[in-house]
Amino acid sequence: KYACRKKCRNYGMAIAGCVFVILAVVLGSVFGTRGGREDRGAPVNETGDNGNGGVGGQEGGNGGQAGGNGDGDEGAPPTEGAGGDNFEGPAYLNSPAGQALWNSPLLPESTREALENEDEDTAAFKAWQWIKSDANTNYAFENMDGEKAQLDLMQRFSLAAFSNSIVLDGFDGWMGADDVCTWAGIACEDDTQSKITALQFPNDDLVGTLPPEIFLLQDLELIEMFGNQISGKIPDEIYSLPNLQNLDLQRNMISGPISPAIGNAKELLGLYLGRNFLSGRIPMELYTLENLVALWLDFNEDFDRQSLPEEIGQLQNLQQLKLGTTKMVDKLPAAIGTLEKLQMFHAQSNGLSGELPDMSNLKQLVELDLSDNWFEGRLPILREFDQLILLRLGGNLFSGNIPNHYGDFQSLTHLSLGPNTLEYYDTGLEGEVPASLGALQNIEFLDLSGNVLSGEIPEEICDLYDTRLGETPSITIEVKADCDVDCDCCNDDCDRDL
């Protein structure tokens with residue numbers, strides 16, 4: 001019995017001890033949580049909205065002023081760990097602004113990796129160091145609603161990364177406390193949200209690379225940075241900007257292939273990448289951009305040899321197509337003739353060959369330059385091309401006569417049909433120079449040399465030269481022809497360059 005009573009007494013003491021411990025834990029949790037809320041303030045949720053208690057004005061934490069209950073306690077001093085106990089990102093980002101940045105689904109993976117590794121040499125890490133000390137960003141988190149504070153954070157972080165990737169010496173406002181819409185080169189939507197819609201730095205001597213953090217500027221419609229010294233590859237993230245309409249990076253030092261991610265740029269109207277060092281093949285995904293109006297890829301001599309696919313016909317809104325000096329080979333696809341909105345088509349200095357496809361429906365053409373290729377056969381029929389200003393077909397292997405209707409181009413200023421003979425090739429334009437060319441009242445350059453033509457340059461052309469020389473000396477006329485062609489306004493020694 002004694003043993004039984006002793007065992008029961010022990011069990012009773014154990015149960016009482018457990019009850020006491022449970023009560024202590026519960027009471028401690030209640031009072032401890034209240035105090036903790038006053039010290040930390042409410043953390044930012046995953047979407048970047050502020051908690052009910054507000055957030056602090058400095059990255060380190062909120063102190064007593066940011067508390068949810070605000071009983072007058074001054075609270076704990078700011079610390080980097082004051083953002084929230086359940087934060088799963090790097091400890092140094094455990095603050096309201098840091099949590100909002102890290103938890104954003106828009107953050108590029110390369111940016112996330114740089115922040116996670118605390119890579120001090122990256123633009124992303126340097127951008128965060130600035131955000132951490134930027135009073136304006138922290139003020140936004142303390143005084144703005146969650147959506148606007150998140151927008152301000154993302155835009156300022158993106159531009160900070162941009163300024164650490166591109167040299168921006170001498171540009172007003174950058175990395176200052178003012179609204180980012182006042183910074184040089186930045187354009188914003190005209191509303192109270194201050195949404196950045198354009199980055200404009202044409203011919204500004206920019207040096208550096210484009211950072212993937214540009215993707216955080218989700219309202220961006222225009223990137224205009226032509227005529228600089230920007231190098232490296234175009235980040236895939238830029239092609240995924242949901243509102244991007246024009247990307248103008250021509251005349252830089254950009255290298256590498258065009259990524260298949262270009263297919264994500266569904267709103268793109270203008271893609272200007274000419275005069276760079278792009279390589280590889282043009283991805284087929286580019287030909288799915290049905291809204292595209294202008295495609296400039298010219299003078300990228302590091303491209304692989306490739307042919308223009310029939311899929312070019314999917315770009316029915318295309319008005320400008322520049323493919324000169326891009327190592328294009330083989331025949332032009334028949335689909336070119338279906339692009340009825342086309343106004344400019346340049347494909348000069350390539351390895352294109354064969355006969356030209358039917359272009360009779362391209363009546364909106366203003367400029368057609370197919371010079372210095374290996375095209376053969378007859379010159380194209382271009383009746384009713386009333387808007388044509390430039391026509392360059394020289395440097396090929398065309399044969400036959402010059403069509404009479406080439407004199408109907410009343411707006412034409414530049415007509416180059418020579419040369420179309422090459423050594424060891426029995427080709428060239430032949431027959432007499434059509435008198436109809438005398439109706440070209442606006443002609444400034446006429447080249448018929450390097451063919452097997454006969455006859456004479458129409459007197460009207462020479463009269464036009466004399467008239468222009470007397471009335472508008474700033475305009476010159478250049479006439480070139482072979483010695484077998486009579487020309488009263490050409491030099492007697494057959495130097496047909498006036």
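**Note on helix packing, core and backbone geometry**

1. The crossing of helices α4 and α6 is right-handed. This is a predicted model. Two packed helices are described by the angle between their axes and the distance between the axes. For α4 and α6, the axes come within 8 Å and cross at roughly 130 degrees; the two helices are therefore oblique to each other.

2. The contact between these helices is made by Ala-123, Ala-124, Ala-127, Trp-128, Trp-130 and Ile-131 on the α4 side, which meet Leu-153, Arg-156, Phe-157, Ala-160 and Ala-161 of α6. By residue class, the contact of α4 with α6 comprises 10 nonpolar residues, no polar residues and 1 charged residue.

3. The largest nonpolar core contains 118 residues. Those with the most contacts inside this core are Ile-223, Ile-312, Phe-345, Leu-370, Leu-391 and Tyr-406. Two or more core residues come from each of α2, α3 (109-116), α4 (123-133), α6 (146-163), β2 (196-200), α7 (236-239) and α8 (459-471).

4. Phe-345, one of the core residues named above, may be examined through its contacts. When neighbours within four places in sequence are left aside, Phe-345 is in contact with Leu-321, Leu-332, Ile-336, Met-359, Leu-365, Glu-367, Leu-368, Asp-369 and Leu-370.

5. Helix α2 (residues 96-103) is largely enclosed by the rest of the structure, because 7 of its 8 residues are buried. The buried residues of α2 are Pro-96, Ala-97, Gly-98, Gln-99, Ala-100, Leu-101 and Trp-102.

6. Phe-445 belongs to strand β22 (residues 445-447). Its relative accessibility is 16%, so Phe-445 counts as buried, the cut-off being under 20%. Phe-445 and Val-479 are 34 residues apart in sequence, while their C-alpha atoms are 6.3 Å apart in space.

7. Most residues other than glycine have a negative phi, and most peptide bonds are trans. Gly-418 and Pro-419 are joined by a cis peptide bond, with omega about -5 degrees. Pro-419 is situated in the loop between β20 (414-416) and β21 (428-432).

8. Asp-205, a residue other than glycine, has a positive phi near 60 degrees. Asp-205 lies in the loop between β2 and β3 (207-209), and with 58% relative accessibility it counts as exposed.

9. Lys-327 likewise is not a glycine, and its phi is positive at about 65 degrees. The loop between β12 (320-322) and β13 (329-330) holds Lys-327. At 38% relative accessibility, Lys-327 counts as partly exposed.

Terms used: Residues are numbered from 1 along each chain as its sequence is written. This is a predicted model: local features need pLDDT of at least 70, side-chain atom pairs count only at pLDDT 80 or more; totals for chains, interfaces and linings use all residues. Side-chain values use heavy atoms; hydrogens and water are left out. Buried means under 20% relative accessible area, exposed over 50%, partly exposed in between (1.4 Å probe, protein chains only). Helices (H or I, at least four residues) and strands (E, at least two) are DSSP runs, numbered from the N terminus. A nonpolar core is a set of buried Ala, Val, Leu, Ile, Met, Phe, Trp, Tyr and Cys residues joined through side-chain atoms within 4.5 Å. Contact means heavy atoms within 4.5 Å. Axes are lines fitted to C-alpha atoms, for helices over the stretch in contact, and angles run from 0 to 180 degrees between N-to-C directions. Angles under 35 degrees count as roughly parallel, over 145 as roughly antiparallel, 65 to 115 as roughly perpendicular and the rest as oblique. A crossing is left-handed if the near helix is turned anticlockwise from the far one by less than a right angle, and right-handed if clockwise. Ala, Val, Leu, Ile, Met, Phe, Trp, Tyr, Cys and Pro count as nonpolar, Asp, Glu, Lys and Arg as charged, and the others, Gly among them, as polar.
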